[in-house]
Amino acid sequence: MEKSNTTSDFILLGLFKHTGLHLFLFTVVLAIAISSLVGNALMILLIQQDLRLHTPMYFLLSQLSLMDIMLVSTTVPKMAADYLTGIKSISTAGCGLQIFFLPTLGGGECFLLAAMSYDRYVAVCHPLRYPMLMSWPLCLRMTVGSWFLGAADGLMQAVVALSFPFCSRREIDHFFCEAPTLVRLACADTSVFENVMYICCVLMLLVPFCLILTSYSLILAAVLHMRSTEARKKAFATCSSHVAVVGLFYGAAIFIYMRPKSYRSAHHDKVVSAFYSIFTPMLNPLIYSLRNSEVKGSLKMWLGKCENIKHHQTWSFCSR
């Protein structure tokens, strides 16, 4: 039984209903979310532990994993609690935090993926100048800039969206709070804010996306001119991983934020939002680990260390 809301809180209608099929889908989504958290945490651990991975490329990758962990943690615990308890209310402060963190992490990933594409462009097209063109200070500035630009967008959306007066019906047809869905409940003219938000979303998506397309177009041209088959395979393996991540993330984000109002559907928005906020974060560590020999080597070495520690503890226990 779903419990009714008697306060001024918002109501999240959620992604699933209480049917057998939806219970199965909920279990699958929860398993994907847990896998995402474990996979990204493992990726950060491997990069932290292996000195060979202490490079700008893997530092940026660790930041991507951190953003994915936070993205899943922002939506899934609340969604799971709502479904299991039937209490679907969310406070204004909780709604504001979700509105803040989702653009912060989503926008941050847009700029971070652009920084990663620049890193690969320098590594492939200007390998001898890599230490100068992709120095640690520049890498740190790009990382901080990605977080800052995302946070600025998130703060703007949260403050403005919650400043509108809302009608008595405070039901949000989603499984988390986001500004485009929330402003539909406002009892005021939100057209100016919606237009500004649309322009901001277009800029935050298209500007980094154009930089990414330019970088990988130059990389492709350089790879095709490589004489060494081995070098060409290594470049393709590394860059194809990045392109796969970019395609998954930007495809879902463009579908959500750049469609005209007349083509929007609450059901489609919820499904695609689940894809980019839950499913894509799980794929990122899988794509990078399966397509990257250095990450696979680091994982094997780490598993070997864990096995040796286990054998040592077992031997010590038996020798007592």
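Let me begin with a term: a residue is called buried under 20% relative accessible area, exposed over 50% and partly exposed in between, with a 1.4 Å probe and protein chains only. What you see above is a predicted model, in which local features need pLDDT of at least 70 and side-chain atom pairs count only at pLDDT 80 or more, while totals for chains, interfaces and linings use all residues. Residues are numbered from 1 along each chain as its sequence is written, and side-chain values use heavy atoms, with hydrogens and water left out.

With that in hand, Tyr198 is partly exposed, at a relative accessible area of 35%, and this tyrosine lies in helix α7, residues 191–224, where helices are DSSP runs of H or I with at least four residues, strands are runs of E with at least two, and both are numbered from the N terminus.

Let me turn to the charged pairs. A salt bridge here is a side-chain nitrogen of Lys or Arg within 4 Å of a carboxyl oxygen of Asp or Glu, and the whole structure holds 4 of them.

In one, Arg52 pairs with Asp50, their closest N and O atoms being 2.9 Å apart; Arg52 is exposed at 54% relative accessibility, whereas Asp50 is buried at 5%. In another, Asp119 meets Arg120 at 2.8 Å, N to O, and both of these residues are buried.

Finally, Lys270 and Asp173 meet at 3.0 Å, N to O. Lys270 lies in helix α9 (residues 266–290) and Asp173 in the loop between β3 (171–172) and α6 (179–182), so this pair ties together parts that are 97 residues apart in sequence. Lys270 counts as buried at 11%, while Asp173 is partly exposed at 33%.
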